[in-house]
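Welcome, and please open your viewer. We will go from stop to stop, selecting a few residues each time and looking at what surrounds them.

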Amino acid sequence: MPSFSHPLPHFHHMALSASLLQLQPSSLKKKTAVSRSWVLLDHHGKPTVLDADKHAIMRLVKIHARDLRILDPLLSYPSTILGRDKVIVLNLEHIKAIITADEVLLRDPTDDDVVPIVEELRRRLPKVSASGEGRGEEETCAQDGEGGDENEFPFEIRALEVLFEAICSFLDARTRELETAAYPALDELTSKISSRNLDRVRKLKCAMTRLTSRVQKIRDELENLLDDDDDMADLYLSRKSTVSSSPTSSSDAPKWLYGSPNTGSRIHKSSRASGTTVHRDDDVEELEMLLEANFMQIDGTLNKLATLREYIDDTEDYINIQLDNHRNQLIQLELFISAGTVCMSLYSLVAAIFGMNIPYTWKSPGHEHVFKWVVIFAGMVCASLFLSIVSYARRKGLVGS
């Protein structure tokens, strides 16, 4: 497997360096059933490809095994966003990432859908200028304009922004592709009902149902985060790291302390209840705005799918109406055929009577004209009976006029 030529970045703690020594460098071996390839990006955006098993990753980022299982592609976990004490675990479709206060780990960096994300992280993770690294130098940051404000976000928030934008754009692109294929197929089905067109629409409807479920899950995850400020505060790893290292210090850069992984629940309210950290009302304002923007985008994608579903339902109703109309036409045809069959049966009855081997006077010479009148009279009776049945059916609205 190809690897970047960049060396491993310098880390601030010996515990992390010791963990890195146990990582195997990526090689040209063939991929196994589960890819062991990860890409690590530091706060400078410098990528390093790693070939590491789950135990090495657990030692590297101090993550619990049950949280790492969420990123296992063989287990098919639903989309999840977990905020822990020192890491954020994201399982968003093909994006399987672990975010710390100064690193991002992405699984399977050679995947076609992951490569653009890695490039975007390399571009947007580094700070624009050294002055932007100071958390208290707001006057300098204001001069950098809009781009400087974006880079003033903590490292983990910038990484979340890239990953959220990537998954929202990915699902929106899949939705546009589905719309491009679905609308012409539905229009073709309305113009010509055939087995081929029906099967094509059936497959598109199945794809739409699966995509809707995926988009709905991402939307629910974002909505759950927006509904709980504590969940959003749990994603500020730099703030928690700074407070845990020195609550009274005004250090410019957050320190990353590698303690034991938290084995508690997803939201660690007990640590906040101690009163060590005092949160302001606008603590999560930056993340809230970021989540709201992505929530609106994913909600718009879900609305597109809902509109497509309505169009499919309307097409199905139209097809059912057409089929009902054809069925009614067949019933009318069957009524005409049945009425004609009854009348011909009566006519055949007359012929059967005269075909009996019974002597009667009509067979004697001089009565040949009787046969002609019997045939004419029987035909008139049968025709009158047929017209009577048809007129009765029209009068009752059973057939069209």
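Predicted model: local features only at pLDDT ≥ 70, side-chain atom pairs only at ≥ 80, totals over all residues.

Two strands are said to pair if DSSP finds at least two bridges between them.

**The whole protein**

Start with everything shown. The secondary structure comes to 13 helices and seven strands. Of the 401 residues in the protein, 38% are buried. The accessible surface is about 22600 Å², and carbon and sulfur atoms hold 57% of that surface.

**Strands E4 and E5**

Select residues 80-83, which are strand E4, together with residues 88-92, strand E5. The two strands pair in the antiparallel sense over four bridges, and a hairpin of four residues joins E4 to E5. Now show the side of each E4 residue. Thr80 and Leu82 point one way, Ile81 and Gly83 point the other way, and all are buried.

Next, click on Pro78, in the loop between helix H3 (65-68) and strand E4. Is Pro78 buried or partly exposed? Its relative accessibility is 46%, so Pro78 counts as partly exposed. Leaving aside neighbours within four places in sequence, Pro78 is in contact with Asn91 and Lys217.

**Strand E7 and its two partners**

Move on to residues 103-107, strand E7. Five of its five residues are buried, so E7 is largely enclosed by the rest of the structure. Glu103, Leu105 and Arg107 point one way, while Val104 and Leu106 point the other way.

Now bring in the partners. Strand E2 (residues 37-42) runs antiparallel to E7 and is joined to it by five bridges; here Leu41 stands opposite Val104. Strand E6 (residues 95-99) also pairs with E7 in the antiparallel sense, over three bridges, and in this pairing Ile98 stands opposite Leu105. E6 and E7 form a hairpin with three residues between them.

**Helix H2**

Select residues 54-61, helix H2, and colour its buried residues: Ala56, Ile57, Leu60 and Val61. Why do they lie on the same side of H2? They cover an arc of only 110° around the axis, which puts them on the same side. An α-helix has 3.6 residues a turn, so residues three or four places apart point the same way. Just after H2, look at Lys62, which takes a positive phi of about 55°.

**Asn294 in helix H12**

Go to helix H12 (residues 285-354) and pick out Asn294. Asn294 is buried, with a relative accessible area of 3%. Its side chain reaches the backbone oxygen of Leu290 at 2.7 Å. Not counting residues up to four places away in sequence, Asn294 touches Phe164, Glu165, Cys168 and Leu222.

**Last stop: cysteines**

How many disulfides does the structure hold? The count is zero. Take Cys382, which is in no disulfide: the nearest cysteine sulfur, that of Cys343, is 5.8 Å away, while a disulfide would need two cysteine sulfur atoms within 2.5 Å. Cys382 is buried, with a relative accessible area of 8%, whereas Cys206 is partly exposed at 33%.

Terms used:
Residues numbered from 1 in each chain as written. Heavy atoms only, no water. Buried < 20%, exposed > 50% of the residue type's maximum accessible area, 1.4 Å probe, protein only. Contact = heavy atoms within 4.5 Å. Arc of directions from axis to C-beta. Polar contact = N/O pair within 3.5 Å; in protein donor to acceptor, adjacent residues only side chain to side chain. Areas by Shrake-Rupley, 256 points an atom, 1.4 Å probe, with all protein chains shown as cover.
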